[in-house]
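Let's take a walk through this structure together. Have a look at the fold below, and then we'll go through it piece by piece.

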Amino acid sequence: MDLETGYTKIPYLTVHPDRITFHNQIIYDKIRSSHHDCHDQNCHFGKTTYQNNFKSNNNKNRISRPAKRKIEKAINYLEVISDKQQIYVKEIGKSIDFKLTFVTLTLPSRQIHSDQQIRRDCMHHFLTVAARKWNVKRYVMRSERQANGNLHFHFLCQNFIPHQELRDTWNNIINKLGYVDEYRQSMKEWHRDKFNLRKDLLKYWPEKSQKKAYLKGVASDWSTPNSTDIHSLRFIKDISAYICKYMSKAARLNKTVIKGRKKGHDKNYFMLYPTVTAGVKDFLKSNINCGRLWSCSTDLSNLHGGSDVIDTNISQELKKIQDSPKSRYFKKDYCEVLFCDLELLKSLHCVEILKLLNDFLGIRFNYSLQLTI
């Protein structure tokens, strides 16, 4: 212990699937700690460190930096504890390799309820059904606004979900609020004189595809709108990075053309949905901050990682990682960070560091990496 400062610095590290952080843990002597008096300029545990600014608590429908990091951490852990499987899909008559399911859930017609009600009556219901129907226990969910103003959801889990079952389930849920009925009515009105080509969408939706969708719609009496999408991860090399970027991206700052009051718009976002009424825009604006922007299952929250004191063996392994061209090193005010993946740790034979992460996975998820290094 330093007698002048009254505290001891102990070097600690914390291991996560995509990074390692190391910092000094401060241990005060009993006399000095009772007064919280520290004059060392390198000690960051003074009173001013914990001042909270509650005035800037409004996220304005944007993911904050700490929330983005939590989303990324949950996704990284979910990928690590999800083993590859081979699933036989009856609809296509063959087996496919499977690890994670990443879906988007949308509204097939214009949103006429608040974000809060959509989340409460639709998304919460979907999570309940998913747990019962497909045994979904671990998930990450992100909600955001589409270019047309509607709320939609990205959902990631480690369970296989058949495409048609997903669509039927979601359509049944959202039709509690009348969104499928509204879609059916608008489609029948648009195609009242048989097939009616959407010329404004030809650049993105060819005539052949429009006719195919029309025939399917007529056959189902427009009762199964394309409100869900399962993203293919087959050719994605870094699945975790791809999904993290997809789910934690900032919300769009929409600039929409309003009928009667011309305003600029981004053609890339609003080619498909060029106009909304002023009333709809005002309604959506008044409800933009209702409810949570993301959530995850309980065991994917507060992920502290594997942690221990940095001894000689761990210090040597950290040096090997830092010297590797495949790692990235950052030094911050309060800690140092090494960005590296599990494959690099295995190739460098970082046994002690891998064991810390493996112990944490075993305690939190009852999962083992089954290391072969």
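**A guided tour**

Start with the sheet: five strands line up in the order β12-β1-β2-β14-β13, forming an open sheet with antiparallel pairing. At its edges sit β12 (306-309) and β13 (328-331), each of which pairs on one side only. From one strand to the next, the twist averages 25 degrees. Keep in mind as you look that this is a predicted model.

What holds strands like these side by side? Strands of a sheet pair through backbone hydrogen bonds, either parallel or antiparallel.

Now move over to helix α3, residues 115-133. Quite a few names turn up on its buried list: D115, I118, R119, D121, C122, M123, F126, L127, V129 and A130. As a reminder of helix geometry, an α-helix has 3.6 residues a turn, so residues three or four places apart point the same way. And what covers those buried residues of α3? The cover includes the strands β5 (101-105), β6 (139-145) and β7 (151-157), along with the helices α4 (163-174) and α5 (179-190).

After α3 comes N135, with a positive phi near 60 degrees. Two further residues with positive phi are worth a stop. K194 has a phi of about 70 degrees although it is not a glycine, and you'll find K194 in the loop between α5 and α6 (207-219). W222 is not a glycine either, yet its phi is positive too, at about 55 degrees; W222 lies in the loop between α6 and β8 (228-230). Are these two buried or exposed? K194 is exposed, with a relative accessible area of 65%, whereas W222 counts as buried at 8% relative accessibility.

Last stop: the cysteines. How many disulfides does the structure hold? The count is zero. Take C340, which is in no disulfide: the nearest cysteine sulfur, that of C350, is 7.6 Å away.

Technical notes: Residues are numbered from 1 along each chain as its sequence is written. This is a predicted model: local features need pLDDT of at least 70, side-chain atom pairs count only at pLDDT 80 or more; totals for chains, interfaces and linings use all residues. Side-chain values use heavy atoms; hydrogens and water are left out. A disulfide is a pair of cysteine sulfur atoms within 2.5 Å. Two strands pair if DSSP finds at least two bridges between them. Helices (H or I, at least four residues) and strands (E, at least two) are DSSP runs, numbered from the N terminus. Axes are lines fitted to C-alpha atoms, for helices over the stretch in contact, and angles run from 0 to 180 degrees between N-to-C directions. The expected span of a helix is 1.5 Å times one less than its number of residues. Buried means under 20% relative accessible area, exposed over 50%, partly exposed in between (1.4 Å probe, protein chains only). Contact means heavy atoms within 4.5 Å.
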